[in-house]
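Work through the following exercises with the sequence and the 3D structure open beside you. Try each task before reading its solution.

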Amino acid sequence: MALWALAGLLIVNFAVMANAPLDLPTQSFMASGTGKVLDAGAGSGRSALMVLLARPNVKVVALDKFAQEFGIAGNSPQRLESNLRFANVANRAEIKEGDMREMPFEPATFDGALSAYAIDHLGRGGFRTALGEVKRVLKPGGEFLFLTVNRDWYVRIAFPFMHHGYFGPTPAVDRWSAALKEGGFDIVETGYSPGTLYILCRKKAE
Ligand SMILES: C[S@@+](CC[C@H](N)C(=O)[O-])C[C@H]1O[C@@H](n2cnc3c(N)ncnc32)[C@H](O)[C@@H]1O
């Protein structure tokens, strides 16, 4: 038990990096280096910080409903703001409270969007609705970076009882790629980092 706990602790802190800003999984996302990006389900800011730190000329709008769900205690705009200030990037970020299934933005507002471990929480119907909203608020050709939990060995050891991540008969990358294509996106790139599957896609021309 002690060894398992130690392995879990090391994985959470040094592989999955659950308490630090994420590393951008692909340099292809927002490679132009400028523009306005939506983070759908920003939470405490790990994913918004990932983009703000990797792309110093990009602005991020961090959208979240800030409900105390999924065991996330203290999820609030204040905590997000203090994390952005601590990282010295608050001047390039805007925090917006709202539901990603009914986004408070005009069509074609953003050059890029991402959702990390958030849009995939919404069930099949909620996912479709929120993905439709991502598509609506993206400019033509806009990029969408999707990150979800991948039940690799890191996750199986550190979070053996977590009911998150896809573990059906089809490989998760095929299942999520199909859902993104069905939602009007072309797949650009897929890949993995510890505990994570990412899919970079682009809004299809209408
Ligand atoms: C697991 S956290 C991920 C937070 C952050 N993206 C990260 O990588 O650490 C999921 C976030 O999605 C938010 N969320 C869930 N459903 C939402 C919805 N319908 N609209 C907006 N935010 C939502 C939750 O409040 C939570 O902050």
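**Exercise 1: The ligand and its surroundings**

A nitrogen atom of the ligand is 2.8 Å from an N or O atom in the side chain of Ser 47. This is a predicted model, in which local features need pLDDT of at least 70 and side-chain atom pairs count only at pLDDT 80 or more, while totals for chains, interfaces and linings use all residues. Residues are numbered from 1 along each chain as its sequence is written, and side-chain values use heavy atoms, with hydrogens and water left out.

Task: Find which residues come nearest to the ligand, and list polar contacts that the ligand makes, a polar contact being a pair of N or O atoms within 3.5 Å (within protein, one must be able to donate a hydrogen and the other to accept it, and residues adjacent in sequence count only if both atoms are side-chain atoms).

Solution. 

Step 1. Sort the shell by class: it has 8 nonpolar, 6 polar and 5 charged residues. Here Ala, Val, Leu, Ile, Met, Phe, Trp, Tyr, Cys and Pro count as nonpolar, Asp, Glu, Lys and Arg as charged, and the others, Gly among them, as polar.

Step 2. List the atom pairs. The side chain of Ser 47 has an N or O atom 2.8 Å from a ligand nitrogen. An N or O atom in the side chain of Arg 46 is 3.4 Å from an oxygen atom of the ligand. Lys 65 takes part through its backbone, where an N or O atom lies 3.3 Å from a ligand nitrogen.

Step 3. Look at the cover. On its own the ligand has 600 Å² of accessible area, and the protein covers 94% of this (Shrake-Rupley method, 1.4 Å probe; for residues, only the protein chains shown count as cover).

**Exercise 2: Helix α2**

Task: How many residues of α2 are buried, and what do they pack against?

Solution. 

Step 1. Locate the helix: α2 spans residues 46-54. Helices (H or I, at least four residues) and strands (E, at least two) are DSSP runs, numbered from the N terminus.

Step 2. Apply the cut-offs: buried means under 20% relative accessible area, exposed over 50%, and partly exposed in between (1.4 Å probe, protein chains only). By this rule 7 of the 9 residues of α2 are buried. They are Arg 46, Ser 47, Ala 48, Leu 49, Met 50, Val 51 and Leu 52.

Step 3. Find the partners, where contact means heavy atoms within 4.5 Å. The buried residues of α2 pack against β1, β2, α3, β3, β4 and β5.

**Exercise 3: Arg 55**

Task: Is Arg 55 buried or exposed, and which backbone oxygens lie by its side chain?

Solution. 

Step 1. Arg 55 counts as buried because its relative accessibility is 9%.

Step 2. Leaving out residues up to four places away in sequence, Arg 55 touches Leu 24, Gln 27, Phe 29, Met 30, Ala 31, Gly 33 and Arg 92.

Step 3. A polar atom of the Arg 55 side chain is 2.9 Å from the backbone oxygen of Gln 27. The backbone oxygen of Phe 29 lies 3.1 Å from a polar atom of this side chain.

**Exercise 4: Helix α6**

Task: Which residues of α6 are buried, and what covers them?

Solution. 

Step 1. In α6 (residues 172-182) the buried residues are Ala 172, Val 173, Trp 176, Ser 177 and Leu 180. They are on the same side of α6 because they cover an arc of only 120 degrees around the axis, taken from the directions from the helix axis to the C-beta atoms.

Step 2. Their cover includes α4 (123-137), β5 (138-149), β6 (185-193) and β7 (196-203).

Notes: A residue is near a molecule or strand if one of its heavy atoms lies within 4 Å of it.
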